[in-house]
Amino acid sequence: MLGGIDLHLHLDGSVTAEDAIFLAERSSIELPKHSAEALRGYLTAPKRCADLKEYLERFEIPLKLLERPENVAYATRSLVKRLAASGMRYAEIRFAPGLLTAGGASQREVAVTACQAFVAAKEEFGLEGGLIFCAMRAGALTPQENEETARLSAEFLGKGVVGIDLAGDEAKDFPSDHARVFAVAREAGVPITIHAGEAGGADKIRDAIALGARRIGHGVRCVEDDSLVAELAERGIALETCYTSNLNTGACTERTFPLRALMRRGVRVTLNTDNMTVSDTDLATEYASLGITDEEKRLLLENAKKAAFAAVGSL
Ligand SMILES: [Zn+2]
């Protein structure tokens, strides 16, 4: 999408079926299907999932493939190439290095490889942006592993990394249960975004802001709390909304997705893809699905430019 900005895009959820087949073959990993068409059913979620679990199952194969650092490098380059070819100007790509160590690589090796691949690809294909390292909630990683992610985000800030995130099952805990992770990030000046207000309520968004989050991943349930909406608008805290993903997981319906209501109330709202393969989408599709007008597009891109963790050149 010409001049597009995507601030919320997961690497693991955006591995194509074709790349998955290539990576599985070169790493001798068994796949349930061997044609791209058949494999897509395992990588792409139904339009309306029965529950969040049905959506999250789509990450199992890509996560397995990305347990090899060389595959993280390949997938990163491939995604940057596709984004640049679509006319994307700036993108922030996120993933959890701590989830990719089962193959024997350390978080640090994963981080180094991903940063090198991203920096090289952005030069090669002409894309601005950076990587966001995700800490994981609800016991997916230990507190020590999450703190290591925070330290790595600090070490590689400006060398590929632009921020830190907290991802995973929001229902099970509060962002402040991971306070130490964000203390490390704040101390090092790493910009913070936190998934909140998607499966969880407005209280989780407030909790994320108290930890220093400058942006909120999704955040659509802020509309349940009028004073929170006012605070988001006043403080310029950006929401990274993702329409198709919210429809897939049932976080929103076509009718309740609050993008326009939040734009009217002056919240710095942005529109993003979340997972290009799992949600079978791209940024142009997100804009088209919502019938975004040229005027709305200008505002959304202006919001994204202000919210970006690194400088965005002219669009
Ligand atoms: Zn996300």
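## Ground rules

Residue numbers start from 1 along each chain as its sequence is written. The model is predicted, with local features needing pLDDT of at least 70, side-chain atom pairs counting only at pLDDT 80 or more, and totals for chains, interfaces and linings using all residues.

## The sheet

Let's start with the open sheet of 4 strands, ordered β1-β2-β3-β4 with parallel pairing (strands are DSSP runs of E, at least two residues, and helices are runs of H or I, at least four, numbered from the N terminus; pairing takes at least two DSSP bridges). Its edge strands are β1 (4–10) and β4 (161–167).

Strand β3 (residues 128–136) runs parallel to β4, joined by 6 bridges. Alanine 135 has leucine 166 in β4 as its bridge partner. Helix α7 packs on this sheet, touching β3 and β4, and its direction makes about 160° with that of β3 (contact means C-beta atoms, placed from the backbone, within 7 Å; angles run from 0 to 180 degrees between N-to-C directions, with axes fitted to C-alpha atoms, for helices over the stretch in contact).

## Two helix pairs

The axes of α7 (residues 143–155) and α8 (residues 179–188) come within 8 Å and cross at roughly 15°. The two helices are therefore roughly parallel (under 35 degrees; over 145 is roughly antiparallel, 65 to 115 roughly perpendicular, the rest oblique). Residues of α7 including Pro143 and Ala150 meet residues of α8 including Val181 and Ala188.

For α1 (residues 17–26) and α2 (residues 36–43), the axes come within 9 Å and cross at roughly 100°, so this pair is roughly perpendicular. Here Ala17, Glu18, Ala20 and Ile21 in α1 meet Ala36, Leu39, Arg40 and Leu43 in α2.

Terms used: Contact = placed C-beta atoms within 7 Å.
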